[in-house]
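These are my notebook entries on what I looked up in the structure. I begin with a single helix and then turn to the rest of its chain.

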Amino acid sequence: MTKTRATAFTAAVGLLILSGPLLAHHANAIFDVGKRVTVTGTVTEWFWANPHCLLRFDAKDDKGQMVHWVAETQAPPNMIPFGWSKLSFKAGDVVTLTLEPVKSGQALGRILQAVLPDGTTLVAGATAVPAGTAGGPPPTR
Amino acid sequence: MTHRVVVPALAAVALVALLSPVARGQQGFRRAPGAVYDVDFAGRKSGPAPRRSISGIWEFAKGGAEGIQADGVKAMPSDGKPEHELPFTAEGRAAFMANKPTFGVTLVPSAFTNDPMPGCDPQGFPRITLHNAHTEQILQTTTQVVILYQFNKKWRVIWTDGRALPKNPEVPAWDIKDSPPPESRWWGYSVGRWVDDYTFVGESNGFDDRAWLDNAGRPHSDAMRVVETYHRVDADHLEKTITIDDPKYYTRPWVALDKLPYRLQSASFEIPEQECVPSETAKYDKLFGNPAAGVDSAR
């Protein structure tokens with residue numbers, strides 16, 4: 001039984017892994033695809049720009065050393081539908097970020113999720129709710 | 001007993017549904033602010049198509065992500081599948097291999113790309129519709145069909161005044177008195193006509209071959225001819241098909257967009273601004289693109 005459950009679970013998790021290729025505006029080759037890092041740090045700059053927005057923040061590593069992170073998102077028109085804006089962050093904000101880091105091990109990554117000082121969670125993905133459906137805005141036309 | 005197997009499996013599948021949009025970044029349904037999509041009108045039938053009209057503000061019917069085409073043109077992505085292998089000539093394959101895209105089967109890290117677009121060189125046509133495509137507005141006058149594109153606020157004119165395409169695509173020019181001197185263009189020369197009351201066909205040539213066709217580094221030569229077909233399906237829908245005919249680089253014409261559906265937006269819908277800004281690109285490269293690729297870049 002345990003083996004059967006494990007097999008079923010493994011198959012389902014496999015589906016998770018294979019459910020679709022990562023898609024971004026530039027190559028995925030630089031990222032350690034599938035790896036997740038959660039970091040809490042202090043924002044030093046939020047650069048709302050093409051081709052990618054950049055969030056610079058400082059966070060201490062396991063040894064207490066300050067690390068200067070740079071994390072990207074997609075371009076503004078691709079983030080606005082998910083609730084992101086030029087005003088999402090300001091210098092001094094303490095935020096918790098879920099990142100997909102680069103393979104090189106540098107303090108670089110792309111943001112998958114950000115928890116803001118007021119507890120608001122911003123997700124950098126296709127989670128928008130269609131208008132006219134539960135939780136979504138009404139159709140405008 | 002069965003449920004002890006099925007429940008965890010379903011839980012894991014639910015996890016898939018919950019996390020996939022995050023894991024898959026920008027893939028999936030994406031709503032431009034204020035836009036409407038077919039999902040908003042499920043079960044509601046559109047009215048009849050107006051005659052000889054493709055005017056309006058058009059957004060991808062199935063969601064804003066439809067136009068990104070990160071892996072190459074929608075109908076023929078660069079994914080290694082045999083059915084998506086383009087019919088390159090030897091010259092075309094050499095041009096393809098000389099390109100260094102950041103997506104597709106020949107991808108390189110962004111620090112090593114020679115894609116003209118990240119440096120804010122013109123996308124040109126048809127790449128404007130085959131990569132990073134967004135909302136379009138189509139205007140019709142008595143002599144032109146004008147298409148306004150979101151990215152970089154570009155626009156094209158498709159002449160409908162009866163003129164012919166330049167006869168020599170390598171030294172193109174309008175055969176009209178006082179027209180500009182012969183030159184190739186990022187956006188080509190375009191003419192169009194109605195083939196029936198609901199189908200408008202544009203044809204273009206005279207292209208600058210520095211532009212790429214797509215984000216996967218597919219090339220085109222100065223001999224390329226593009227056929228774009230707009231079919232007004234009903235009051236709310238337009239289908240776009242794009243065919244590439246480039247005998248220098250491809251052994252036969254091939255379809256890059258195949259009846260991609262668009263949905264008509266409110267007349268008061270405002271197309272967002274999206275500019276490629278060289279200084280922003282330079283900052284991105286310095287802070288992220290170059291160090292991520294191991295290229296020395298002072299932070």
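Entry 1: I began with helix α2 of chain B, residues 90-98, where I found B:Gly92, B:Ala95 and B:Phe96 to be buried. These residues lie on the same side of α2(B), because they cover an arc of only 100 degrees around the axis. I recalled that an α-helix has 3.6 residues a turn, so residues three or four places apart point the same way. I then checked the face turned away from the buried side, and there I noted the exposed residues B:Ala90, B:Ala94, B:Met97 and B:Ala98.

**Entry 2: confidence.** I recorded that this is a predicted model, with ipTM 0.71 and pTM 0.79. For chain B the mean pLDDT is 89, and 89% of its residues reach 70 or more. Over residues 1-27 of chain B, however, the pLDDT is below 50, although this stretch has 55 contacts in the model beyond near neighbours in sequence. I keep in mind that where pLDDT is low, the predicted coordinates should not be read in detail.

**Entry 3: the chain as a whole.** I listed four helices and nine strands in chain B. Along the sequence their pattern is α-β-α-α-β-β-β-β-β-β-β-β-α. Of the 299 residues in chain B, 42% are buried. Among contacts in chain B with a separation of 6 or more, 64% join residues 24 or more positions apart.

**Entry 4: the cores.** Which residues have the most contacts inside the largest nonpolar core? This core has 45 residues, and I noted B:Val73, B:Leu130, B:Ile244, B:Ala256 and B:Leu257 as the answer. Several elements of chain B each supply at least two residues of this core, including α2, α3 and β1. Strand β9(B) gives the most, with five residues. I looked up B:Val73 in particular: leaving out residues up to four places away in sequence, B:Val73 touches B:Leu130, B:Leu213, B:Asp214, B:Ala256 and B:Leu257. A second, separate core of 29 residues includes A:Val70, A:Phe89, A:Leu112 and B:Ala292.

**Entry 5: a histidine in a loop.** Is B:His131 buried or exposed? I found B:His131 in the loop between α3 and β2 of chain B. B:His131 counts as buried because 28 other C-beta atoms lie within 10 Å, and the cut-off is 20 or more. Apart from neighbours within four places in sequence, B:His131 is in contact with B:Gln69, B:Asp214 and B:Asn215. I also noted B:Ala216, which is 85 residues from B:His131 along the chain, with 9.2 Å between their C-alpha atoms.

Key:
Residues numbered from 1 in each chain as written. Chains lettered and ligands numbered in written order. Predicted model: local features only at pLDDT ≥ 70, side-chain atom pairs only at ≥ 80, totals over all residues. Buried ≥ 20, exposed ≤ 12 C-beta atoms within 10 Å, placed from the backbone. Contact = placed C-beta atoms within 7 Å. Arc of directions from axis to C-beta. pLDDT = per-residue confidence, 0-100. Core = buried A, V, L, I, M, F, W, Y, C linked by C-beta atoms within 7 Å.
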